[in-house]
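Visitor: Hello! Could you walk me through this structure, one step at a time?

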Amino acid sequence: MEDIKTPSHVAIILDGNGRWAQKRNMPRTFGHKNGAENVVDIAIHAKKRGVKYLTLYAFSTENWKRPKKEVDYLMKLLIKFVNDKIDQLMEEDCKLNFLGDLSAIPDQTRKAVELALDRTKDNKSLFINIALNYGGRDELVHAFKNIVNDGYKAEDIDEKLISEYLYTKDIPDPDLLIRPGGELRISNFLIYQIAYSELYFTDKLWPDFSYEDFDKAIEEYSRRNRRFGDVK
């Protein structure tokens, strides 16, 4: 694999957990549990492949529309994820970050987020960004409001300034966006940041998404010629 170009930043939409469970005549929560188990495995594999940033779409601003029982389970699942996986993430030198409006999540879930941020703050081998209560349009609304509140004038606003007010202000834009689950859309995920990202879609549902599937996406990315509007 010497000629494979590894993207520095990979973003993944964690799609298909509920359908994965339903295919097995199990409740949707069973799919979310197995999807969460897959997160660290794929993250560690990504690190071994040379990926520096991994951004995962875990819970969107629209996901509050789901049944309360499922939403409550997802919030508790994040607490379990932190408690169960934090030591492994420390061993792998992975730093956790969270993107989104965290003011709306339950107190216990927010405490788990704060614990994860504190425990992993000095790690440097892989930066894992978990998008939680995140929406691309909502992020832009927050950014523009804060720009105005900080006193900037219309003539001050450019792409660089906007980027500095996004949740991803210290993170390079994704090189590659992967969406498992068979859907062909970006679902309000990093809509400003993925302007020039390569997109890769697969029918494989997230709990079944394997190292081999990740490698296929990397190989496909490597074959593409990223011109960024140029003709080279």
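Visitor: How many bridges join strand β1 to β2?
Guide: Welcome, and please keep in mind that this is a predicted model. Strand β1 covers residues 9-13, and β1 and β2 run parallel. Within this pairing, Ala11 stands opposite Thr55 of β2. The number of bridges joining β1 to β2 is 5.

Visitor: Which residue in β4 is the bridge partner of Leu56?
Guide: Strand β4, residues 126-134, pairs with β2 in the parallel sense, over 7 bridges. In β4, the partner of Leu56 is Ile130.

Visitor: Why is strand β2 largely enclosed by the rest of the structure?
Guide: Let's look at residues 53-60, which make up β2. A residue is called buried when its relative accessible area is under 20%. Strand β2 is largely enclosed because the buried residues number 7 of the 8.

Visitor: Are helices α3 and α4 roughly parallel or roughly antiparallel?
Guide: Helix α3 spans residues 68-91 and helix α4 spans residues 107-119; their axes lie 8 Å apart, at an angle of about 15°. Angles under 35 degrees count as roughly parallel. That angle therefore makes α3 and α4 roughly parallel.

Visitor: How many residues of the contact of α3 with α4 are nonpolar?
Guide: On the α3 side, the contact includes Met75, Leu78 and Ile79, and α4 brings residues including Ala112, Val113 and Leu115. The contact has 3 polar and 2 charged residues, and the nonpolar ones number 10.

Technical notes
Residues are numbered from 1 along each chain as its sequence is written. This is a predicted model: local features need pLDDT of at least 70, side-chain atom pairs count only at pLDDT 80 or more; totals for chains, interfaces and linings use all residues. Side-chain values use heavy atoms; hydrogens and water are left out. Buried means under 20% relative accessible area, exposed over 50%, partly exposed in between (1.4 Å probe, protein chains only). Helices (H or I, at least four residues) and strands (E, at least two) are DSSP runs, numbered from the N terminus. Two strands pair if DSSP finds at least two bridges between them. Axes are lines fitted to C-alpha atoms, for helices over the stretch in contact, and angles run from 0 to 180 degrees between N-to-C directions. Angles under 35 degrees count as roughly parallel, over 145 as roughly antiparallel, 65 to 115 as roughly perpendicular and the rest as oblique. Contact means heavy atoms within 4.5 Å. Ala, Val, Leu, Ile, Met, Phe, Trp, Tyr, Cys and Pro count as nonpolar, Asp, Glu, Lys and Arg as charged, and the others, Gly among them, as polar.
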